[in-house]
Amino acid sequence: MANIAILSYLKRDSLVHELTGTTKLIFFIAWSVATMVTYDTRVLVVLLFLSIVIFKISKVRLYDIRIVLGLAVIFVVLNNLFVYLFAPEYGVELYESRTVLFTIAGPYTVTLQQLFYHLNMTMKVACVVPVALLFIACTDPSEFAASLASIGVSYRIGYSVSLALRYIPDVQREYHNISQAQQARGIDLSGKDKVLTRMKNSVAILLPLVLSSLNRIETVSNAMELRGFGKDKKRTWYSQRKMQRNDWLAIALAVVVFVADMTITFWDGSRYYNPFL
Amino acid sequence: MKKLSVKSVVAIGIGAALFFVLGKVSIPTPVPNTVISLQYAVEAVFATLFGPIVGMLIGFIGHTLLDATSYGPWWSWIIASAFVGLVIGVVTMKMEIGEGLDTKKIVRFNVAQVIAHLLAWGLVAPCLDILIYKEPLEKLFAQGMMAGISNIITTGIVGTLLLVAYAKTVVRRGSLNKED
């Protein structure tokens, strides 16, 4: 628990950091939708290249995000493995041709098409990960609520998000304290006990945590009510910044990427680029 | 849309923080690559106490933060998490936990969570996965069912225990009976 991997805001002096939260949010949404939709290898290569360039510009070092990156790699590897185990012939089906390279055992042959499918699948994740990580690493959390509100999300929901960000460290500390106290009393959550016992034991930690959270909700909402939260239809944000020239350029880039992505992907009525036919 | 009350706004925020923290601590199980997801038990309890909109947004915000700080958002599962909160909240609507908890309410809570998890992990998540990521059907449904069953068991046991314990504290506060 002490060393859980959490990516947080890294203050640096870079072009990406200078952009307003709104710009980054729009960019991030356009980017993740674009990579979600496309399966076209050519588009993915370009997107991957661009996301690496953006990562370079941001001055966030690989070292800063090594833990998170490690998790992402594990996730992608496991996902690929599962796909192969369940459907070793999926690529053949998609690309409508079959080039066997070699056979492992039984139905598990390795085909060029399957490998190509795995490559595309991996690239899809690889394109979005740098941008998503940068979004978290380069956006000041206090600006985040303002940017949500500026793209039309109700400010109440924006406020919920910033409350969540504000209270994550508190809840975490509390969880840690409670779990240590309960462990001192002999309640164990590690692999030594049976699963059912572990689940029951987890209630011993969760119950104080949930009850204190409910109290906290009471306190915070009373405080907000006293200060007249939610009285007006609109709300201003201290951390909101004006859009600069670079912001418009970044948004323009996002729009171009998005439109190009959609056009190329749906041009011939198929989401795939098929080099085998 | 009806305006969210101040209390709902705060409940979403702190609920999402809880969801996030519990998502980060994983309790190992004997089956590799599956962990007990305690966050769904808490999401279910909050959805029961505060209603469907709060439940939905806790799932959505909590899961998005969780994914975005680990390996980039996997939207189909995020939407499924939101769906779980929504369904549990709708089915358990107007169930006043503060006025005591009887077997009928416990059954209703569990029916709600079973329906929610089955639909979310057996239908919503795999369908969106096909739509968005085009992964093979067999893998998605196997994965979805595994997650669904493990979540149903976790929410069923942990969520119910939490709810029972919570109801006890509420009743005790208002009662003059010295014996428990």
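**Note on a predicted two-chain model**

1. Helix 3 of chain B is largely enclosed by the rest of the structure, because 15 of its 17 residues are buried. A residue is buried if 20 or more other C-beta atoms lie within 10 Å of its own, exposed if 12 or fewer, and partly exposed in between, with C-beta atoms placed from the backbone. This helix covers residues 52–68 and reaches 24 Å from its first C-alpha to its last, close to the 24 Å expected at 1.5 Å a residue. The expected span is 1.5 Å times one less than the number of residues in the helix.

2. Some ground rules. This is a predicted model, in which local features need pLDDT of at least 70, side-chain atom pairs count only at pLDDT 80 or more, and totals for chains, interfaces and linings use all residues. Residues are numbered from 1 along each chain as its sequence is written, while chains are lettered from A and ligands numbered from 1 in the order in which they are written.

3. On confidence: pLDDT is the predictor's confidence in each residue, from 0 to 100. Chain A has a mean pLDDT of 85, with 96% of its residues at 70 or more. Within chain A, confidence is highest in helix 3, at 90, and lowest in strand 1, at a mean of 80.

4. Chain B holds six helices and two strands. Helices (H or I, at least four residues) and strands (E, at least two) are DSSP runs, numbered from the N terminus. The order in chain B from the N terminus is α-β-β-α-α-α-α-α. Of the 180 residues in chain B, 57% are buried.

5. The two chains touch. The contact takes 56 residues from chain A and 52 residues from chain B; two residues are in contact if their C-beta atoms, placed from the backbone, lie within 7 Å. On the chain A side, helix 9 gives the largest share, 16 residues. That side divides into 43 nonpolar, eight polar and five charged residues. Here Ala, Val, Leu, Ile, Met, Phe, Trp, Tyr, Cys and Pro count as nonpolar, Asp, Glu, Lys and Arg as charged, and the others, Gly among them, as polar.

6. Strand 1 of chain A (residues 100–105) is hardly covered: the count of buried residues among its six is zero. Strand 1 runs antiparallel to strand 2 (residues 108–111) of chain A, and four bridges join them. Two strands pair if DSSP finds at least two bridges between them. A:Thr103 has A:Thr109 as its bridge partner. Two residues lie between the strands of this hairpin, where A:Gly106 takes a positive phi near 55°.

7. Helix 7 of chain A (residues 141–150) is mostly covered, with seven of its 10 residues buried. Among the buried residues are A:Glu143, A:Phe144 and A:Leu148. The buried residues of helix 7 pack against helix 2 and helix 8 of chain A. A:Gly152 follows helix 7 of chain A and has a positive phi, near 105°.

8. A:Asp40 sits in the loop between helix 2 and helix 3 of chain A. A:Asp40 is buried, with 22 other C-beta atoms within 10 Å. Leaving aside neighbours within four places in sequence, its contacts are A:Ile264, A:Thr265, A:Arg271, A:Tyr272 and A:Tyr273.

9. The domain assignment of chain A gives domain 1 (1–140 + 241–277) and domain 2 (154–238). Such bounds come from an automatic or database domain assignment. The C-alpha centres of these two domains lie 32 Å apart.
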